Amino acid sequence: MAELTVQGRVAVLKPRVFAWVQDYGVYAAVLALLLFNVLFTPHFLDAANFRTQLVQVTPIVIVSLGMALVIGTQGIDLSVGSVMALAAALVVLYLGYGWLPALIVAVAGGAVVGAAGGALVAYVGVQPIVATLALLVGVRGLANVLVPQLVEFRNPDLIALGSSSVAGIPVIVLIAAALTVVVLFVVRRTTFGRQVVAIGGNRSASELSGLPVKRVLLTVYVISGLLAALAGVLATARLQASDPTSLGLFIELSAITAVVVGGTPLTGGRIRVLSTVMGALLMQLLSATLIKHNLPQSWTQMVQAVIILAAVYATRERR
Amino acid sequence: MNREQVSRILQQHGAMMVLGLLVIVGSLAFDSFATPENAASVVVSSSFLAIIAIGMTFVIISGGIDLSVGSLFVLGGVLAAYGSQYGLIVALLLPLAVCGVVGLLQGLVIARTGMAPFIVTLAGLLGVRGLMLAISNEGATTYLVKNRAFATLGQGELLGLSYPVHITIVLALLAMVLLQRTGFGQNVYAIGGNEQAAAFMGVPVVRTKVYVYVMSALLAGLAGALNAARLSSGVTILGIGLELDAIAAVVIGGTLLTGGAGGITGTVAGVLLLGVIQSLINQVGSLTSAFQQVVSGMFLALVVVAQRLLSKAQRLT
């Protein structure tokens, strides 16, 4: 009899534990890692160290925000890294006209690539992974054709964008924070945000109930392209050099990882913006921690692999 | 011949037709294109991608995807070069054993937990590259191939073509038979077409999926081992983005990423098509290799749009 009660309790407890892990697991993991570092990592609380970590993770955070929207529609955007490279190429090509026009051209370029992917997905009906794979290959090539090798630049305004701080916080971190708030607002409080989630949840039901499915899909990919291009410009500004050959390589995988570790299901219908940012921070903090404690790169990658699997296992849809 | 038949033929053999067309155009435009030397160089450089893409074809037909093959290719190469100091057998068995185990683990996780293949093999991509870095001293140690017999496997020639090409041809023929003429092949198509229906009809879904991922990993490891034999060393910086090339070749070859349809002939044509595009761009000389990416990307986009339109045409009739 006693045994039965215990079993009954466990049976009730188990889904609750899973639900808790799904909702707060990534926060708990970040907190635990922070605590570990405060206790065991020398100089971890130094402002300089903190700033470096934040600046390094900024491009991934910005790209992840767009990726979270795309994944919310049951899509995926593999082209983001190549879009960053294209933006890096465009920004130095047009830097002669001033940093702001150059930034606008670069971001517009990202929007065009996003629109191309979005049109293939929404209007032609190509699978997101193939449509954006074609762009990943082609756009990286285009960026390399435009700027064949690494180009350093001396534009003080663009360099300031990458390296200046307000009240000790780097400007690019502030931009990423502001964008996070905007995307959070869009997802939670706007009609568009609700449409994105609805389409990801059930596309045919959304079509039947009269939602502008194709237009929303197109917009989501355009936003992803815009954000990736902006991340590319900011990363270029920080590096003080345009490097279309290697900028943003594999960032699509980091962004997808951040989104997934944050508990947004790849099956769509749910977008967790803050958890996505936490996911990006978690992966960054993890690799920083392992490096600080003299564990090699190989370990970092293997531990990341385990964390991705564990996170997806914990947050997968219950069958 | 009605419209449905036309579109089906285009879907299945489109890559082959475009390949033929490109070869004809290339031979007319460039004297140095249609030479035995150039053909041999295209075929040899395509053979490693072809071996990987054969495994990827099975995975994609089953409705899955395998992002880990690029990392497995490098790991296979490093392990083969390391193992070659103990002889030919170890040089071949070590990479196959390790890659096979990785494939087995990935397949079991995908088939048993229902987690998305994209994520599981993405973790595989990271984890396997980490493993490769760990055994190569963070990429600092390049193991040289010490065994003559093993090096011959990558460098030797027969009838003017190097051994990896012959191995690729044999593997492609075996894969074709396996896919078209066996119950296993039928199961792969059935699962990709409709997994639930396949399960109801008694198709061993879990086992078939596990086999498919094991096969993909084994082929990627073998391609890596052969490549190490050809280069005489286990280079640690190869294989980046190779999974995407393989997926692109499979898709260009007419295999649908939604699963359930496609074949080996198309995949081989897709690989050769990418190789011929590269070769044509080399012929032009003034174009950089970046153009190859632009053309490949545009080509991939064109092909998927065409596929989509063709499959619509098929459904309408």
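Student: What percentage of the residues in chain A is buried?

Tutor: Buried means under 20% relative accessible area, exposed over 50%, and partly exposed in between, with a 1.4 Å probe and protein chains only. In chain A, buried residues make up 54% of the 319 residues.

Student: What should I know about the model itself?

Tutor: The model is predicted: local features need pLDDT of at least 70, side-chain atom pairs count only at pLDDT 80 or more, and totals for chains, interfaces and linings use all residues. Residues are numbered from 1 along each chain as its sequence is written, chains are lettered from A and ligands numbered from 1 in the order written, and side-chain values use heavy atoms, without hydrogens and water.

Student: How many helices and strands does chain A have?

Tutor: Helices (H or I, at least four residues) and strands (E, at least two) are DSSP runs, numbered from the N terminus. Chain A has 13 helices and 4 strands.

Student: Which spans of chain A does UniProt list as "transmembrane region"?

Tutor: UniProt positions are given in the numbering used here, feature names are shortened, and annotations may be inferred rather than shown by experiment. The unreviewed UniProt entry places the feature at several spans, including 53-71 and 103-122 of chain A. In the model, residues 53-71 of chain A are 100% helix and 0% strand, with end C-alpha atoms 26 Å apart. Residues 103-122 of chain A are also 100% helix and 0% strand. Their end C-alpha atoms lie 28 Å apart.

Student: Which phi does Phe250(A) have, and where is it found?

Tutor: Phe250(A) has a positive phi of about 70 degrees, although it is not a glycine. Phe250(A) lies in the loop between strand 4 (241-242) and helix 11 (251-261) of chain A. Its relative accessibility is 29%, so Phe250(A) counts as partly exposed.

Student: What about Ser232(B)?

Tutor: Ser232(B) is not a glycine either, and has a positive phi of about 65 degrees. Its place is the loop between helix 10 (205-231) and helix 11 of chain B. At 27% relative accessibility, Ser232(B) counts as partly exposed.
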